[in-house]
Amino acid sequence: MNAPAGRPKCGHTQAFGLDTGPVSTATVVSPDFFAREREAIFRHQWFNLLKRADEIPNPGDFFVRDIEVLGVSVIVVRGQDGQLRAFHNVCTHRGNRLVRAADGCVRGWQCDFHGWTFATDGTLQFVPDEGQFFDFDRRQHGLPPVHLDTWAGFLFVNFDQTPRQTLEQAMGDFNQDLKPFPFHEMICAGRWRYHVRANWKVTMNAFQEGYHVAFVHKRSAPDAFTGTDNPYCNISYMKLQPNGNQHLSVPGNPRHDLSPTEQIAFKFGSTFTQGTGGRGAYPGTQQDKSADWGFELNIVFPFSRINVGAGWYYLDAFWPVGPNETVYELAYYFPKPNTAAEMISQEFSKIVLRDLSREDLYTNEVTQQALNSAAIKSIVLSDQEAAVRHLYRTVERLVAQAEGEGA
């Protein structure tokens, strides 16, 4: 029996001026190319820290984020004056790591090596035996600042001495497309972090298309996103921005047969697999107005996302660590629950998303192993995988451009 034909081709690849040829695997197996990406792209981007400004609401609230690909650690803190600031997590005396806690609330920090003490505004407040230093001016030895900005309440940092673009410019069309979404009305309900033995692009690829859904997720979500009308989860709407940002509308299956557990969860709140078809869509979602709308993926180039659905959103990032190592991190947000039933509904949805993500991550690790074997030198991509192609071509272009400018 022939397989169902699925949806007609939408022409995503041609619509965005992309080529249709094979894509080289060199960019995901070469340590040299990873080093070139770091210099050409990662050192100049805005990093989404997967945290909101309202998650550190009080004076002295802080958290620490290590960004392995650049070998840096950053402190984000709300000062006693209420202002948000970011600093390199380094004592300006001898370079010791200043803050070892992941988060907290303080009036300042004291280095555990020689006791230098800094206020939350970054100023150096106290130096033991200060008179022993030569021509010393405390004002010249505050914490090194890091560029910090917010977008829709989300915290971003940039490590360029002078950022090449503003955060608003980096967000591109998301400034309009996502602006109406009520991010501020929701709170973090769960957070996961995984170390994945795969290149960041390989890790990200399974999260950029629906072609895999019927196979990778056949047990965890057998018909939530596929059905007779769309057996291969063809993306219903795609928007690929010139700066590398991407939007994908993922279809739900309006005839999805909810399990008894899903029925209970959906009764008390929005769930990840409900297949809304537009029912309950929030402002700033359902861009394509399709009858089988499920949720939307919004990729902020190169590797973070702000994904929105009916009654929830989640942030995630595919943090590069090394040529064959990525940290995948996900934070899930819901409206603050008012009842135990709503909490149970949200917990169900969190676990479903966790399991779906883990299925993808396992596939990525074995894919990387196969690519490293050099058995194949290129991959072929369908129109369904246009966003994957867009990522590879944007990275290749930016690396080549940076190296051409430096020549």
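Predicted model: local features only at pLDDT ≥ 70, side-chain atom pairs only at ≥ 80, totals over all residues.
**Exercise 1. Describe how strand 13 (residues 237–240) pairs with strand 14, and determine which residue of their hairpin takes a positive phi.**

Solution. Step 1: four bridges connect strand 13 and strand 14 in the antiparallel sense. Step 2: leucine 240 has glutamine 246 of strand 14 as its bridge partner. Step 3: the hairpin has five residues between the strands, and glycine 244 takes a positive phi near 105°.

**Exercise 2. Decide why strand 14 (residues 246–251) is described as largely enclosed by the rest of the structure.**

Solution. Step 1: buried means under 20% relative accessible area, exposed over 50%, and partly exposed in between (1.4 Å probe, protein chains only). Step 2: strand 14 is largely enclosed because six of its six residues are buried.

**Exercise 3. Classify arginine 139 as buried or exposed, and state its location.**

Solution. Step 1: arginine 139 belongs to the loop between strand 9 (124–126) and strand 10. Step 2: arginine 139 counts as exposed because its relative accessibility is 73%. Step 3: glutamine 125 is 14 residues away from arginine 139 along the chain, and their C-alpha atoms are separated by 9.0 Å.

**Exercise 4. Characterise the largest cavity and its lining.**

Solution. Step 1: on a 1 Å grid over the protein atoms alone, a cavity is a set of points where a 1.4 Å probe fits but cannot get out; lining residues have an atom within 4 Å of a point. A volume is the space filled by probe spheres set on the points, which are joined across faces, edges and corners. Step 2: the whole structure contains two cavities of 30 Å³ or more, and the largest has a volume of about 270 Å³. Step 3: 22 residues line the largest cavity, and the closest to its centre are His212, Val213, His217, Phe295 and Asp360. Step 4: strand 15 (293–300), strand 18 (325–335) and helix 9 each give two or more residues to this lining; helix 9 provides the largest share, four residues. Step 5: the lining comprises 15 nonpolar, four polar and three charged residues. Here Ala, Val, Leu, Ile, Met, Phe, Trp, Tyr, Cys and Pro count as nonpolar, Asp, Glu, Lys and Arg as charged, and the others, Gly among them, as polar.

**Exercise 5. Compare the span of helix 9 (residues 340–372) with the expected span.**

Solution. Step 1: the expected span is 1.5 Å times one less than the number of residues. Step 2: helix 9 has 33 residues and reaches 48 Å from its first C-alpha to its last, close to the expected 48 Å. Step 3: alanine 374, which follows helix 9, has a positive phi near 65°.

Notes. Residues numbered from 1 in each chain as written. Heavy atoms only, no water. 1 Å grid on protein atoms, 1.4 Å probe; cavity = no way out; pocket = protein on both sides within 12 Å on 5 of 7 lines; lining within 4 Å. Pairing = 2+ DSSP bridges.
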